[in-house]
Amino acid sequence: LPNAMFYPKEGGAELQKMFGVDLLQGDDAIVFGFNNIVPGMPLVDFSYDAGVICHEYTHFALGGSILMEPRPDAYGVDPTPVALHEALADYFPSSFSGLSAMGTYALDSQARDLTRDLRCPAHLVGEPHLDGEVASGALWAARQIVGKDVLDQAIWRAVLPFTKSTAFEQAA
């Protein structure tokens, strides 16, 4: 498995098809694999990267109420609800640790750096982790202005009413 991921119990059937065994056994799970997709990088165990562990745990913490998915819009499909989930899963562990880079051990050159100046819609590419960097970067920039305690509480309160189709526009 070339990734780490939170799998809600509802995804058990999908995993059953992929692996031929019910890995979840009726429960939610956080699954860690190995990064074998960065060219020239040795096989790296995602479970050794605290940022990745916290990222997946944040998916779990948010997942109970917000299993976000792409939604139809006037232009086709808006992928930003899933990107928003990725952004929050990058932001909260980064804020907790005080480190703006997410996944530096496991992702090497593909680590997500919340200090990058990315803008919407210019930097949206349709891949949730990359698109999430637009929102997580904006949150990190706001954190620098109002402080961790104020922003973390404000974000958590804002997230509570989100639905699976909450996109960047509604979140803003």
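Buried, in this talk, means under 20% relative accessible area. Keep that cut-off in mind. The model is a predicted one.

Let's start with the salt bridges. There are four by our count. Take aspartate 90 and arginine 112. Their closest N and O atoms are 2.6 Å apart. Is arginine 112 buried or exposed? Its relative accessibility is 10%, so arginine 112 counts as buried. Aspartate 90 is at 0%, so that residue is buried as well.

Next pair: arginine 116 and glutamate 133, at 3.2 Å. Arginine 116 is in the loop between E8 and H5, and glutamate 133 is in helix H5. Here arginine 116 is partly exposed, at 43%. Glutamate 133 is buried, at 6%.

Lysine 148 and aspartate 152 make another, 3.3 Å from N to O. Both belong to helix H6, about one turn apart.

Now the largest nonpolar core. It has 19 residues. Leu84, Leu88, Tyr91, Ile155, Val159 and Phe168 touch the most other members. Helices H3, H5 and H6 each give two or more residues. H3 gives the largest share, six. Look at leucine 84. Beyond its sequence neighbours, its contacts include Met68, Phe162 and Phe168. A separate core of six residues includes Ala4 and Phe46.

Last, helix H2, residues 50-63. Its buried residues include Val52, His55, His59 and Leu62. At the helix start, a side-chain oxygen of aspartate 49 comes within 3.0 Å of the backbone nitrogen of glycine 51.

Key
Residues numbered from 1 in each chain as written. Predicted model: local features only at pLDDT ≥ 70, side-chain atom pairs only at ≥ 80, totals over all residues. Heavy atoms only, no water. Core = buried A, V, L, I, M, F, W, Y, C linked by side-chain atoms within 4.5 Å. Buried < 20%, exposed > 50% of the residue type's maximum accessible area, 1.4 Å probe, protein only. Helix = DSSP H or I, 4+ residues; strand = E, 2+ residues; numbered from the N terminus. Contact = heavy atoms within 4.5 Å. Expected span 1.5 Å × (residues − 1). Polar contact = N/O pair within 3.5 Å; in protein donor to acceptor, adjacent residues only side chain to side chain. Salt bridge = Lys/Arg side-chain N within 4 Å of Asp/Glu carboxyl O. Lists of a residue's contacts leave out its neighbours within four places in sequence.
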